[in-house]
Structures are given as C-alpha cells and as structure tokens.
Amino acid sequence: MMGARKPVVEVRRSQRRRRTVSAYRDGERVVVLIPAQFSRAEESEWVDRMLARLAAREGRLARSDAELRARATRLIKLYLAEHGTPAVPASIRWVTNQNGRWGSCTPADGTIRISHRVQDMPDWVIDYVLLHELVHLIVPSHNARFWALVARYPKSERARGYLEGIAAASGTPLTD
C-alpha cells in the first residue's frame, strides 16, 4: 500500500503574528502561517501539526452516506439490538437543507436525515445524533421510553450539552 503524497508546503512568517499558527489549502499547496520568531525546529513541528489537523478536518468533511449507515449498524448492535428490524433505517443520508435541527426521522417510511452541520463534529456527537434518530424508529415521540433508550449511549448528556452550546454560540434556535 502506498502512502499519501505529502503536499507542497509554503511557510509564511509574519512579524505581526506572535503566538498563533494557522494553515489552509491553496490548490495543491498548503500555506502555513507562523510567527517570524519561530526557530526552524518550531517551524518543522508546527508544519507537521498543521498538516495533521488539515488531514483530520478533510477526513471529517469526507464522511459519506455509506459511513453513516455503517455507524448506524454499529450503534444498533451496541444499544438497540433487542429491537431488531424496526431499529434499522430504510435509508440514511447527510442532507444540506436542515438548519433548525441536527437530524430528522420519518418512522412511517424508515428514513433518517442528518444535517451536514454535524459532519465536522466529534464522532461521539455524531453517534448521539444518529442514535437519537434511530430511537425514533422505535419510539416516534420524545416520551420517557424514548429518553431511556437514548440514555443507553454513555455520552448522551455530554453530547446534548455540546449541541446546546453550539446552538447557543451560533444563535441558532433548534427544535427538539
């Protein structure tokens, strides 16, 4: 197996920049912005660190519907196995037209849609949003049974807090 080709890196030093480092892609090249006073060793360390961050971000952005289905299958096995077929969605996909909610489910036809805004969030938050929608296939409403099933996910409260923080910071009113 061949490794990924390392991109061409352009380092730009700035007298005005004191502590921050940033990087972005410019076509096939990666531009890394660093403070002028950084040593060559610090430059090398930060270039490697920023390349890793860009690769991680781009990996998250490349999440596919197939990966979402595989994630759902894993969550069903871990938290909803006793519910069998009713917990399995007929279709599941990322969508770009949901700005007032993180995901949605139509239990009547078994479809689940997850907002593209969740794609760049940590895996444990994506798992929570997905499990929340999977539980709707079993319990359509937000009653006590629904929340008991969602609570099987160990990071459910943490993920809810994360999503509430994102919504508050962005000024996005969300529906539950």
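Me: In which sense do β4 and strand β6 pair, and over how many bridges?
Reply: This is a predicted model, in which local features need pLDDT of at least 70, side-chain atom pairs count only at pLDDT 80 or more, and totals for chains, interfaces and linings use all residues. Residues are numbered from 1 along each chain as its sequence is written, and side-chain values use heavy atoms, with hydrogens and water left out. Strands are DSSP runs of E with at least two residues, and helices are runs of H or I with at least four, numbered from the N terminus; two strands pair if DSSP finds at least two bridges between them. For β4 and β6 (residues 111-115), the sense is parallel and the count is five bridges.

Me: Which strands stand at the edges of the sheet?
Reply: The open sheet has three strands in the order β4-β6-β5, with mixed pairing. Each edge strand has a single partner, so one side of it lacks a neighbour in the sheet; these strands are β4 (91-95) and β5 (103-106).

Me: What angle does the direction of helix α2 make with that of β4?
Reply: Helix α2 (residues 65-79) packs on the sheet and touches β4 and β6, contact meaning heavy atoms within 4.5 Å. Axes are lines fitted to C-alpha atoms, for helices over the stretch in contact, and angles run from 0 to 180 degrees between N-to-C directions. The angle is about 130 degrees.

Me: Is Glu43 buried or exposed?
Reply: Glu43 belongs to helix α1 (residues 40-61). Buried means under 20% relative accessible area, exposed over 50%, and partly exposed in between (1.4 Å probe, protein chains only). With a relative accessible area of 15%, Glu43 is buried.
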